[in-house]
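Colleague: I would like to go through the charged pairs in this chain. Could you start with the criterion you apply?
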Amino acid sequence: MRVDFRSIAVGLLTIGVLSRGAAGQSVLDRTPNLSGGWVGPTGTLQFNFLHRFSVGASPTRKVSNSPTFLLSYRLPVSLLVGFNYSTSSDVAPQFPNEWEAFGRAVPLGVDRGSPVELALQLGYNQAARSADGELTLSRRTGPLRLMSVGRFLSHGFNRDTMRFAVGGGATLRLHRNVALAADAATLLNRRPGEKVAWGAALQLALPYTPHTLSLQVANTNTATLQGASRGTANVRGGFEFTIPFTLNRYFHHAPPPVSAAAAVPDSAAPQVAVAMRQLAFAPNLVEIGAGGTVAWTNRDQLPHTVTADDGAWDSGPIAPGVTWRRTFERPGTYRFHCTPHPFMKGVIVVR
């Protein structure tokens, strides 16, 4: 089967352009075998490593490790491109080292007023010599996020046949830093030895860092679309650790501070809004009248603080999407920073 890589690339780029501005998903919103339509924040290089362990039969009870490494980058057009690399893969026995290159986009999201999110992933699995795809539909209801997926594998498990899989999963937020996750997926017309794929996890966000840790159990071998679609007789325990690198921090030049006049609130707007975005305060210079209020909103994917340089006041951790406000009654100059990211600095001038 010949794969038209140019068609795949053009299709993903078109979807990415149409989905400009779609919000990325937190890792806490994923399950072990479903991507959840996650694309991450713009300008972020993502490195995840997943290790799953199985124990052999007695008397040796040898421990075997099946790692999957993910490296991806979120483009400005809301398109995530990257690859998965797995060793000890069982997708194609003659190719224990499995590569999967992919692109993922979110053409429909809640940020556009839609009650559901729609994500599309297209890619190529080198071990199976297969063009694969996944369509994810998700909806959030309070702390619960529900997901359903449909997958196609043009050359399933390195056999000359097309395979299809369907599945679903859910995450339940117990706390801003803790979630439970579970999923199940099955190949249509399963063959002997092929089982329903399932996974369950405790998802943890590490406070004051952009990292997350997933403690999980699953009966799948690798985290590629093919590996996550077929369950095995072996139940594996393991973990996934995520490491994002915000390249905008190093290559993005923040705009100069706004003029004081632009930041002065009028009678119809008694407060000034400051965004915490791309590891910076925007604007980083605000001028208000005595009695005015400043509202800081976290637009990043990790917690921040608003802390006075002299320690007089501190917001505490501000989770993504949360707003914290403070009213300034006395004239003066107030300098502040983010405690976990001290290079984030700002100034408030009260007249």
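Modeller: A salt bridge is counted when a side-chain nitrogen of Lys or Arg lies within 4 Å of a carboxyl oxygen of Asp or Glu. Please note that the model is predicted. By that criterion, R163 and E194 form a salt bridge, with their closest N and O atoms 2.9 Å apart.

Colleague: Which parts of the chain does the pair R163 and E194 tie together?
Modeller: R163 belongs to strand 8 (residues 163-175), while E194 sits in the loop between strand 9 (178-187) and strand 10 (197-205), so the contact ties together parts 31 residues apart in sequence.

Colleague: Are R163 and E194 buried or exposed?
Modeller: Both R163 and E194 are buried.

Colleague: How many salt bridges does the structure hold?
Modeller: The structure holds 7 salt bridges. One of them joins the side chains of E240 and R30, at 3.4 Å from N to O. E240 is in strand 12 (residues 236-246) and R30 is in the loop between helix 1 (5-18) and strand 1 (44-55), so this pair ties together parts that are 210 residues apart in sequence.

Colleague: What are the relative accessible areas of E240 and R30?
Modeller: E240 has 13% and is buried. R30 has 11% and also counts as buried.

Colleague: And E117, what does its side chain meet?
Modeller: The side chain of E117 meets that of R145 in a salt bridge, at 3.3 Å from N to O. E117 lies in strand 5 (residues 117-125) and R145 in strand 7 (residues 144-153), so parts 28 residues apart in sequence are tied together. E117 is buried at 9% relative accessible area, and R145 is buried at 2%.

Colleague: Which residues are linked in a network of salt bridges?
Modeller: D29, R140 and R173 are linked in such a network.

Colleague: Changing topic: how many helices and strands are there?
Modeller: The protein chain has 3 helices and 20 strands. Of its 351 residues, 46% count as buried.

Colleague: In what order do the strands of the open sheet run?
Modeller: The open sheet has 4 strands in the order 15-20-19-17, with mixed pairing. Its edge strands are strand 15 (285-288) and strand 17 (307-308), each of which pairs on one side only.

Colleague: How many bridges join strand 17 to strand 19?
Modeller: There are 2 bridges, and the two strands run antiparallel, with strand 19 covering residues 332-337. A308 has F336 in strand 19 as its bridge partner.

Notes. Residues are numbered from 1 along each chain as its sequence is written. This is a predicted model: local features need pLDDT of at least 70, side-chain atom pairs count only at pLDDT 80 or more; totals for chains, interfaces and linings use all residues. Side-chain values use heavy atoms; hydrogens and water are left out. Two strands pair if DSSP finds at least two bridges between them. Buried means under 20% relative accessible area, exposed over 50%, partly exposed in between (1.4 Å probe, protein chains only).
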